[in-house]
Amino acid sequence: MDTHNLIMQDQEYLLHTYAKKHIYFERALGSILWTKDNQDYIDFGSGIGVCSVGHCNSFLIQNLTEQLHKIIHISNIFGNDLQIKLAKRIVELSGLDARVFFSNSGAEANECAIKIARKFGESQNRYEIITLDSSFHGRTIATLKATGQEKFHQHFGPFPEGFVVAKNLEHVFELIGDKTCAVMLELIQGEGGVCAFDKKQIQQLSSLLKQKGLLLIVDEVQSGVYRSGSFLASQSYGIKPDIITLAKGLGGGIPIGATITTLKNIFTSGDHGSTFGGNFLSMQAGLSVLDILEKEYDNKLIDSRIDVFQSKISELLKTFPHLFSQSTGMGLMLGLQAHNQEIFEKILENSLKERVVVLKSGKNVIRFLPPIIIQKEEIQEGFERFKKACEKI
Ligand SMILES: Cc1ncc(COP(=O)(O)O)c(C=O)c1O
């Protein structure tokens, strides 16, 4: 089908929920995508932080293929050895004394976290969860309400009660009250401008919540699984949250969600569940991704890629002071803040013309979420293209 027909049929048959670029990719390898007419694009987005081990990773393919031939799904009324293996691995890597619930997406992982917090607070009539302005926690009704960006709330009320939005971290301290059961936040706000919170303030908040016997939920759907440079951004921040959520990069492209909690006995049978969550395919994907990334981390390969990527971002900031005001983020979750909307839109447009995929975030921030295994030559080529995109402004 030619592109014109694809666009017509996309508009005819799909609900119009995405501001879509009608570029149709057909195949991919590592950090490179190819269109049907063989145009190559460097992928600095990895499907919004999903393809952590790159596209068509041969180890992942082999393990998934073998799994497909063995068993894909049974249901959670039977035991599943791969679920046990992956949960054990995640708990060990997290350094927490915790248990894991598996689901299929970031929003679901966060829904589970919210349910844990509500059940935890139930006996003391504590049900309020404080979330932050500019946060993003998902698209279900509860996680939308937890999302502190008003623009997402239009049209979809009424929302469940018990979510309070703090303007900033200082405000969180002020809002903690006798109805609070938890604070929920991203350490690096992925959709809200790739902003990393101050480490000291986060540690103070974590200590205060522990003192008060309240929960800290850290949404690591985007920052988790080595994106920040450590397995968890929480580890880089030196905190031990009560609940951590993962999704995106954990499955390397196969849908998965995971809620890790130190409240090991919070749920009893029937409290929570998922039809697809924890199926053999996604568990195999999670195990394979961790096999790859753990090795890369131990061999300091992730650190060296972060150094190269970040030095390129610093160079851009120096070369184009008239375009960018600052760089944000950490690890391989990085942003470049454009001076204004016009520059921002132009850079996005030019980047696609130069065939490098970058993402948007917050107000005028160009977001970089490359595959965690991105190779130095791909980084080099991607930034050459991005530089050309900037030079044409
Ligand atoms: C921090 C964070 N939480 C939750 C979500 C929702 O994840 P999903 O789209 O898999 O439901 C996202 C998605 O972008 C996210 O970045």
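**Ground rules.** I am working with a predicted model, in which local features need pLDDT of at least 70 and side-chain atom pairs count only at pLDDT 80 or more, while totals for chains, interfaces and linings use all residues. I number residues from 1 along each chain as its sequence is written, and side-chain values use heavy atoms, with hydrogens and water left out.

**Overall build.** I looked up the secondary structure and noted 13 helices and 17 strands, where helices (H or I, at least four residues) and strands (E, at least two) are DSSP runs numbered from the N terminus. For the 393 residues a compact globule would have a radius of gyration near 21 Å, and I noted that the protein agrees because its own value is 21 Å; this radius is taken over C-alpha atoms, and the globule rule is 2.2 Å times the number of residues to the power 0.38. Along its principal axes, the C-alpha trace spans about 60 × 50 × 50 Å.

**Burial and contacts.** I found that 53% of the 393 residues count as buried, with buried meaning under 20% relative accessible area, exposed over 50% and partly exposed in between (1.4 Å probe, protein chains only). Among contacts between residues at least 6 apart in sequence, 72% join residues at least 24 apart, a contact being heavy atoms within 4.5 Å.

**Domains.** I noted a division into domain 1 (1–43) and domain 2 (59–298), with bounds that come from an automatic or database domain assignment. The C-alpha centres of domain 1 and domain 2 lie 31 Å apart.

**Arg 385.** I then turned to Arg 385, which is found in helix H13 (residues 376–391). Arg 385 counts as buried because its relative accessibility is 7%. Leaving aside neighbours within four places in sequence, I listed its contacts as Asp 40, Tyr 41, Ile 42, Glu 354, Arg 355 and Val 356.

**Leu 332.** Where does Leu 332 lie? I placed Leu 332 in the loop between strand S13 (324–330) and strand S14 (333–338), and Leu 332 counts as buried because its relative accessibility is 0%. Not counting residues up to four places away in sequence, Leu 332 touches several residues, including Arg 227, Arg 305, Phe 309, Phe 368 and Pro 370. I also looked up Asp 303, which is 29 residues from Leu 332 along the chain, and noted that their C-alpha atoms are separated by 9.5 Å.
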